[in-house]
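Open the model in your viewer and keep the sequence beside it. We will start at the ligand and then walk out along the sheet.

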Amino acid sequence: MESPEFCSDSQNGESAFADVPFAPEPLVYAVMAAFREDPSPLKLNLGIGVYRTEEGKPFVLDVVRRVEQLLVNDLPAIKENRVATVQCVAGCGSLRVGAEFLAKHYHQKTVYIPKPTYSNHPNFFSSVGLVVKTYRYYDLATHGLDFQGLLEDLSFAPPGSIVLLQACGHNPTGVDPTIQEWEQIRQFIRSKGLLPFFDSAYQGLVSGNLDADAQSVRLFVTDGGESLIAQSYSKNMGLYGERVGALLIVCKTAEVAIEVESQLKLVIRPMYSNPPIHGASMVTAILKDREMYNEWTSDLKKMNDRLINIRQKLVNTLRDKGTPGDWSHIIRQVGMYSLSGLSQDQIAFMTKEYHVYMSSDGRISMAGLSSRTVPHLVEAIHAAVTRVI
Ligand SMILES: Cc1ncc(COP(=O)(O)O)c(C=O)c1O
């Protein structure tokens with residue numbers, strides 16, 4: 001493994017997006033652009049519906065300024081204007097826009113996704129003509145991370161390959177690398193010049209803490225190298241139908257970020273032109289108001305505690321019943337999901353005899369369980385593993 005000093009290496013060298021050309025603004029924004037460029041002291045902009053003070057200045061609320069400062073101090077990439085950000089249609093939309101941008105402007109057309117992963121992942125990339133390959137992720141024997149397999153498979157990736165990483169709460173396995181493993185993955189990816197593309201769909205739902213769940217992404221962002229991040233608010237704000245998300249592309253320089261953002265707009269315009277505003281306004285309001293933000297994070301903690309509690313209850317009840325097998329991995333796994341190890345036939349049996357519905361890969365969505373329903377699931381699992389071999 002590389003030494004920790006490697007960190008700064010990724011800042012050196014050419015940006016992967018250095019050749020992305022600037023896309024001019026659409027005509028509809030021409031009036032605004034002309035206003036900006038007009039040097040006259042008499043100029044008056046009556047075109048946009050944005051609140052201004054008596055002095056004609058934008059009004060920035062104190063609380064917003066304070067929260068923003070907290071964020072900026074935390075992340076140099078934001079401070080240095082190196083992050084191109086576009087609001088997208090939830091996590092899926094962010095992944096799809098990112099994939100299309102890469103297909104158009106990135107030199108390497110191969111993307112590596114974990115095996116197994118969210119079933120929609122291959123579609124985002126194959127639908128824009130990228131070549132999808134997989135890297136080992138889950139060790140069936142330990143029900144944990146196949147760390148060596150992951151590194152070995154990525155060592156065969158052609159230089160510059162895109163690597164999709166789930167930031168936390170891996171779907172469907174519930175298995176995340178430790179922070180030490182993330183650091184080794186980071187060093188490996190940077191040393192091979194691979195491009196990380198994070199899918200952050202469960203931030204806050206693994207530890208109950210937004211910062212702790214962002215550690216993997218922040219390791220990569222603070223090393224100065226380039227990364228893509230698809231951020232979803234569907235699960236952690238319970239805004240499934242509102243479809244709120246964002247794609248962030250962390251670039252090496254502010255100039256490249258401007259070019260990248262201009263091209264992202266060109267990807268979005270023919271797709272859906274503009275994202276819906278309603279859900280995003282709610283997310284913005286929560287993120288900008290300290291009191292509401294605190295309420296949200298304390299709700300996240302409660303949601304998370306319930307998930308952890310239900311995992312424990314399920315395993316205890318399986319043990320008490322004497323159900324054959326070691327189910328301790330259900331407690332070790334994190335977030336919303338657990339890959340139970342139940343076979344396809346066992347699941348079909350559980351559906352037919354016990355009306356338990358789950359995906360055929362054996363994934364249990366923990367959030368669908370409650371203290372009341374754990375005994376029923378345990379009955380079903382017990383019958384399945386003793387009767388369907
Ligand atoms: C890993 C992962 N990424 C992305 C998504 C899609 O999220 P969204 O509903 O925000 O589009 C999901 C949804 O299940 C997911 O599990």
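Select G91. One of its backbone N or O atoms lies 2.8 Å from an oxygen atom of the ligand, a polar contact (a pair of N or O atoms within 3.5 Å). This is a predicted model: local features need pLDDT of at least 70, side-chain atom pairs count only at 80 or more, and totals for chains, interfaces and linings use all residues. Residues are numbered from 1 along each chain as its sequence is written, and side-chain values use heavy atoms, leaving out hydrogens and water.

Next, pick D199. An N or O atom in the D199 side chain is 2.5 Å from a nitrogen atom of the ligand. Then take R243, where a polar side-chain atom sits 2.9 Å from a ligand oxygen. The protein buries 92% of the 400 Å² that the ligand exposes when taken alone (Shrake-Rupley method, 1.4 Å probe).

Now select the whole shell. It has 13 residues, with N171, D199, Y202, S232 and S234 the closest (a heavy atom within 4 Å of the ligand).

Move to the sheet. It is open, with seven strands in the order β1-β9-β8-β7-β6-β2-β3 and mixed pairing (strands pair if DSSP finds at least two bridges; a strand is an E run of at least two residues, a helix an H or I run of at least four, numbered from the N terminus). β1 (83-89) and β3 (131-136) are the edges; each has a single partner strand, so one side of each lacks a neighbour in the sheet.

Finish at β2 (110-115). Six bridges join β2 to β3, and the two run parallel. Click Y112: its bridge partner in β3 is K133.

Definitions and conventions
Polar contact = N/O pair within 3.5 Å; in protein donor to acceptor, adjacent residues only side chain to side chain.
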